[in-house]
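The entries follow in the order I took them.

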Amino acid sequence: MFRQVTYISTARQPGPSLLADIERSAMRRNGALDLTGVLLFDGVRFLQVIEGPAEAMEPMLARIADDDRHFGMVMLRDVMVEARGFGGWAMLCKRVSEDQHGLLDLLRPLMRDADRTTRALFESFAEIRSAKAA
Ligand SMILES: Cc1cc2nc3c(=O)[nH]c(=O)nc-3n(C[C@H](O)[C@H](O)[C@H](O)COP(=O)(O)O)c2cc1C
């Protein structure tokens, strides 16, 4: 069983290298800890799904929560799952646009192995962004 956590948060100071910097840490640390997931950033908000062995998740969540590059973390989901939804990536980091169609096209392949609730969360993230862009 794996613990799978999904949350959204807001970037404190979005800069051009923000996502790449996070990705660099995630590649190194998640790989070593057997954590996997996806991190979407639309220029304002993050949506992350992170999953892995429960004992590795706790300290990583604390580390992420402590990171002052973002704030206002809202837990959307925290469940134990039999199989990973995003097993293929240590952390797939994607900058997404506010265009909902583009976003949903991007998310579709990522959602292939994800369960219904996770899919619904991704879809509503896309909708919120497109409503804001309108
Ligand atoms: C939204 C967000 C998501 C993050 N996700 C991860 C992650 O999946 N793995 C990780 O190691 N660090 C992640 N970080 C970075 C950590 O908070 C922390 O900066 C990093 O683990 C420090 O590692 P380093 O000293 O090796 O660079 C994330 C940060 C933010 C703001």
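I began with R69: a polar side-chain atom of R69 lies 2.9 Å from an oxygen atom of the ligand. I counted a polar contact as a pair of N or O atoms within 3.5 Å; within protein, one must be able to donate a hydrogen and the other to accept it, and residues adjacent in sequence count only if both atoms are side-chain atoms. The model is predicted, so local features need pLDDT of at least 70 and side-chain atom pairs pLDDT 80 or more, while totals for chains, interfaces and linings use all residues. Residues are numbered from 1 along each chain as its sequence is written, and side-chain values use heavy atoms, with hydrogens and water left out.

I then checked S25. An N or O atom of its side chain is 2.7 Å from an oxygen atom of the ligand. For the side chain of R29 I read 2.7 Å as well, again from an N or O atom to a ligand oxygen.

How much of the ligand's accessible area does the protein cover? I found 86% of the 620 Å² that the ligand has on its own. Areas come from the Shrake-Rupley method with a 1.4 Å probe; for residues, only the protein chains shown count as cover.

Next I looked around the ligand. There are 17 residues around it, and S25, R28, R29, N30 and D67 come nearest. Such a residue has a heavy atom within 4 Å of the molecule.

I moved to T36, which lies in strand β2. Is T36 buried or exposed? T36 counts as buried because its relative accessibility is 6%. Buried means under 20% relative accessible area, exposed over 50%, partly exposed in between (1.4 Å probe, protein chains only).

I turned to the largest nonpolar core, which has 19 residues. Such a core is a set of buried Ala, Val, Leu, Ile, Met, Phe, Trp, Tyr and Cys residues joined through side-chain atoms within 4.5 Å. L39, F46 and I50 have the most contacts inside it. Five elements each supply at least two residues: β1 (2-11), α1 (18-33), β2 (36-41), β3 (45-52) and α2 (54-65). The largest share, five residues, comes from α2. I also noted a second, separate core of ten residues, including L40 and F86.

Last, I read the chain as a whole: it has four helices and five strands. Helices (H or I, at least four residues) and strands (E, at least two) are DSSP runs, numbered from the N terminus.
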